Amino acid sequence: MIGFALKRILAAVPTILLVSIAVFLLIRSIPGDPAEIMLGEGADPASLAAFRAELGLDESMPVQFMRWAARVLHGDFGQSIFLHQPVAVLVWDRLQLSASIILVAVGIAAIIAVAAGLYAAWRQDRAGDIAVVTLATLGLSLPSFWIGLLLLLLFGIKLGWLPVVGYVAFSDDPGRAWQYLILPIVTLVVVEVGVLTRMARASAVEVLRLEYITHARAKGLSEWTVLFRHALPNAFAPTLTMVGIVVGSLLGGIAVVETVFTLPGLGRLIVEAIYARDYPVIQGCLLVIAVAYVLVNLVVDLLYPIFDPRIALE
Amino acid sequence: MSSQPSSLPRLSIRNLSIGNQTAFVRDVSFDVGAGRILALVGESGSGKTLIGRSILRLLPENIRQLDGDILYHGGSLSGLSTAEIRRLRGGRIGMVFQEPLVSLNPALSIGRQMAEGLKLHLGLDSGEIRTRCIDMLRRIHVPRPEQCLAAFPHQFSGGMRQRIMLASVMLLRPDLLIADEPTTALDTLSQRQVIETMLELTREVGTSVLLITHNLGLVDKYADDAVVLRRGEIVEEGTAARVIRLPRHAYTRRLVDALPRRRGGVVAAPPDEPILVAKGLELSFRSAGRSILRRKKIRVLHGVSLTVRRGETVAVVGGSGSGKTTLGRALLRLLDVDRGTISYRGADVTRQPDRQLRPFRRACQIVFQDPFSSLDPRMRVGALVGEALRHITPLAAAERRARVEAALADVGLPGHADRLPHQLSGGQRQRVALARAIVGDPELLVADEPIASLDMTVQKQVLELFQRLQAERGFACLFISHDLAAVQQIAHRIVVMHEGRIVEEGPCDAIFDDPQHEYTRRLLEASPLLDATPAVTCPSAIFSEAKR
Amino acid sequence: MSARPNSRSRIRLLAGGLLASAVLTMSVLAIFWTPLDPNRLDVLHRLNAPDVRNLFGTDEFGRDVLSRVMVGATTSLSVAMLTVIVAIAVGSTIGFLTGFFRGWTDRVVMILNDTLLAFPGILLALGLVAVTGPHAYATVLALAVAFTPKVMRVVRGTVLSLREREYIEASRAMGNGPLYTLARHIVPNAVAPIAVLATSMFGWAILMESALSFLGLGVPPPAATWGNMLATARPYLTSAPWLSVIPGILIATTLLSVNLLGDSLRDWLDPRM
């Protein structure tokens, strides 16, 4: 088991390496002087020259990459052209907010999805199942930004229960902070619960057809025990993979929700950086989000054997 | 047939009908006496599984009991509530299923699954449960029982899993055991182990057994009583011995007839020119592992040498893992050997690239085991068979069609050229595969377990088809099988394989009458055979098991 | 021997088909005709609620929302269609070849593919837009690059499992060459999963394009897409709510129909797979 974990962790390393190479190459593929791109057009000649020396522009690409990677590993992601802050600090602050919203929303969605999926599979083709599937399909079809806007309209404006714009950091004032986070989280839950429920239902349906479920019933176990001890672990495993994918897609896609609710998150940062051509920030965000995704998948891989022991012992 | 009048039959089926809009089981009645084994015999579609499931109310969603009653110790089960049935499940009436792969939950450890029933029905504490489980595992000769409890089902072989499942069911000492095809998915040796385990455990507790099976050999050897089902109705019942040796109903007779019997008296093929000669074949696989470093080399063939001559049938037998399937594929160059030579009519074909192998491939064909995956589901039968003629160049479309039709007629499927595979039964698909193999007039046919997945009567038909085609067209045949009983009917020579080596070979009669090697003897013992030349209907037929 | 079409799947097919035809008709129609000129500014009549003249009202520049929504349908659907075609074509070709022939090219391609897959889809698209700048064709390119690795992986996976079927071995045993086997036996049997993937992908493409346009990084104004219409509607959330509601309904309707049709397709093809 430990061997399996180690192998998986080691396998993530080359992926992270390749990802960083891809990000590096992407930014370098922008036509123009790399120094001007990274320092902005208004930079003075002295800093440009110094930067060029640092980047080692006269050396070969692999060497340039290694210099860049060395700085990144030391935490130096460069400086934002427009916000005049170290990119690393900027990204880290914003990441915390986005990550907490994503994890809470996906956590809630996953719990609802597994419960609903199991229930729907148990009641397959009857009223309960049809209701669940219909709702899930509807949820799948709603774009997050639209739902966000509608919720904002309803709860923020028409009913006035929740604040419409702005944000209060959790560390400053938890009592008020959560008010700003409810609607974004609810939006994400609505949007993601559909796809997760369908996955959970599909795997639960498959599992309930299998013989060991009949065998468990033949032992005299109650339906509850059969569902939760026998069906759930096997049905949950594929849903877990889906959860990883959903978290990953939200790492990028949360930009829209953050835009609707004007939250200072990572998604909005990258969008604004693209507008402003703030390449150091773009690069930093791409790198951080991609690495985060790799780590998320790693965690999913490591959790998987809990539900499906066959994987660890291959 | 009723049991002794003095004691109540343990299980009594009375006029049972099961189905939905149509009745799949109609008006079935029989009794299982105390401590006796009753075999419920039938082919697919006979309804035997449904009867087994209905006892514990485990029928699939849309099927229910339509009529009749099920009595357990004289009390009706039909009137019980779900909760009451649940109390019976496991504790009083145990059930074992067919597929060891999916009968045990892959996500839970063996120990947990064994303990579940004990905790539920006997309310023991975990220490006591653990002790009992370990004792039981030891009894069925599972090595290292303590570690076994913590392990997961996929770490064991099919036969072992089945025995573990039997053990965990019998731990609760039920007085009725329903065994639904418990050995069908296993190879011959494992089958025997599983049945013997079942017998041992049930005899000890005095459990009655309802054995659901299509394997008449098992019925003959192990069952006390037998009930023969056909399409949901009973056609015959009685003691097992009587039903098999003196069957009254035509269908029963057909089933018994379908048990392959030895040619008896047919001379071995005259020594003729060799078609395929293999010398010293060695093959290793690297086990599928995640990292390249961790893969282990598994030796599958150890220096195997084999010759197949014109017109003869060589049977290659062995258990799972013996390498026989790999050998079949290696001989046809579908797998590459690491060492050794293969010659076709004197020409070395061991390392030739596919392009140059066309004449070899035309002459040496293969029929696979699984009729469901050996035919491209999107192609019609005519195209499937015709594809084999692609490389016979001077062939006009009309002539090709004619040959395809002729081949289909030969295998008993005239006019089926327009059908799609999913419209055919398993036996029909195997015939199509056979037609595809012979349409090009091959010299050698490799048949890899071609009848294993088929019903017993269908098996007989296909075997006879093999014989007839071979007699008519004169091709040699390499018949790979784990079932000795099947090959005794058609083989001239038998080659026995075990763990990648040939341990014995010789003429069919010699192997059956006087096996030399230990493994051969074990294989023979494990397959109960019916062997005789006179027809079964003759009352004075003599039956014997294979001699030791 | 497909699944017996029960009433549930019939309703699903019907509903999906109806919705899809409505959207499709709208988008095709818009190529030739719209009730009013979608680009005509009419500042005197800005932010009008829906009435007889403008069935969906007017936007902040006085443009007819209905006409814009129709044109938006054309744009959004064409972008999505183009994306899917490119991604499927490129991804399948690579997937078939690498999956069937394996070898070291397969390993190299897989590594490249896995690297691309290590990025969440929309992030890849954002990254590409960062380099190219927002433009209709850039959007197609960005989305196609984001989707192709997924197609490649699905197709390769399908080929890997089909390869193990005995009829593939049988083809080799008959003396057929590998390209023939690939074309004759593998490709037709892979069409089903690819078709299902294509329908899902079409839905994702619509969603991602509207998300990108909403962020201002997709199809740029004055061209109308549902996404950028929602973006420009934000300041008028209270004063002109229809501007926010209507384009969203259209996106949702299109997505719903794609999902329903995709499900029906999967149901029909499933037993054969």
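The following dialogue examines how terms are applied to a predicted model of a complex.

Student: How do you know what confidence the predictor has in chain C?

Tutor: The value to consult is pLDDT, the predictor's confidence in each residue, from 0 to 100. Chain C averages a pLDDT of 86, and 97% of its residues score at least 70. For the complex, the predictor gives an ipTM of 0.83 and a pTM of 0.81.

Student: Why is A:T262 called partly exposed?

Tutor: A residue is buried if 20 or more other C-beta atoms, placed from the backbone, lie within 10 Å of its own, exposed if 12 or fewer, and partly exposed in between. A:T262 has 14 C-beta neighbours inside 10 Å, and therefore counts as partly exposed. This residue is found in the loop between α10 (223–260) and α11 (266–276) of chain A. Helices here are DSSP runs of H or I with at least four residues, strands are runs of E with at least two, and both are numbered from the N terminus.

Student: What makes the phi of A:T262 worth noting?

Tutor: Most residues other than glycine have a negative phi. A:T262 is not a glycine, yet its phi is positive, at about 40 degrees. A:R277 also has a positive phi, near 55 degrees, in a residue other than glycine.

Student: Where is A:R277 found, and is it buried or partly exposed?

Tutor: A:R277 is found in the loop between α11 and α12 (279–307) of chain A. With 16 other C-beta atoms within 10 Å, A:R277 is partly exposed.

Student: What makes residues of chain C and chain A count as being in contact?

Tutor: Two residues are in contact if their C-beta atoms, placed from the backbone, lie within 7 Å. By this rule, 33 residues of chain C are in contact with 36 residues of chain A. On the chain C side, α9(C) gives the most, with nine residues. That side divides into 23 nonpolar, eight polar and two charged residues. Ala, Val, Leu, Ile, Met, Phe, Trp, Tyr, Cys and Pro count as nonpolar, Asp, Glu, Lys and Arg as charged, and the others, Gly among them, as polar.

Student: How many residues take part in the contact of chain C with chain B?

Tutor: The contact takes 15 residues from chain C and 21 residues from chain B. The largest share of the chain C side, six residues, comes from α6(C). By class, this side has six nonpolar, four polar and five charged residues.

Student: Why are β2 and β5 of chain B called edge strands?

Tutor: Two strands pair if DSSP finds at least two bridges between them. Four strands of chain B form an open antiparallel sheet in the order β2-β1-β4-β5. In this sheet β2 (23–32) and β5 (75–76) each pair on one side only.

Student: How do you know that β1 and β2 of chain B pair?

Tutor: Strand β1 (residues 11–19) and β2(B) share six bridges in the antiparallel sense, and the rule asks for at least two, so they pair. Within β2(B), B:V25 stands opposite B:I18.

Technical notes
Residues numbered from 1 in each chain as written. Chains lettered and ligands numbered in written order. Predicted model: local features only at pLDDT ≥ 70, side-chain atom pairs only at ≥ 80, totals over all residues.
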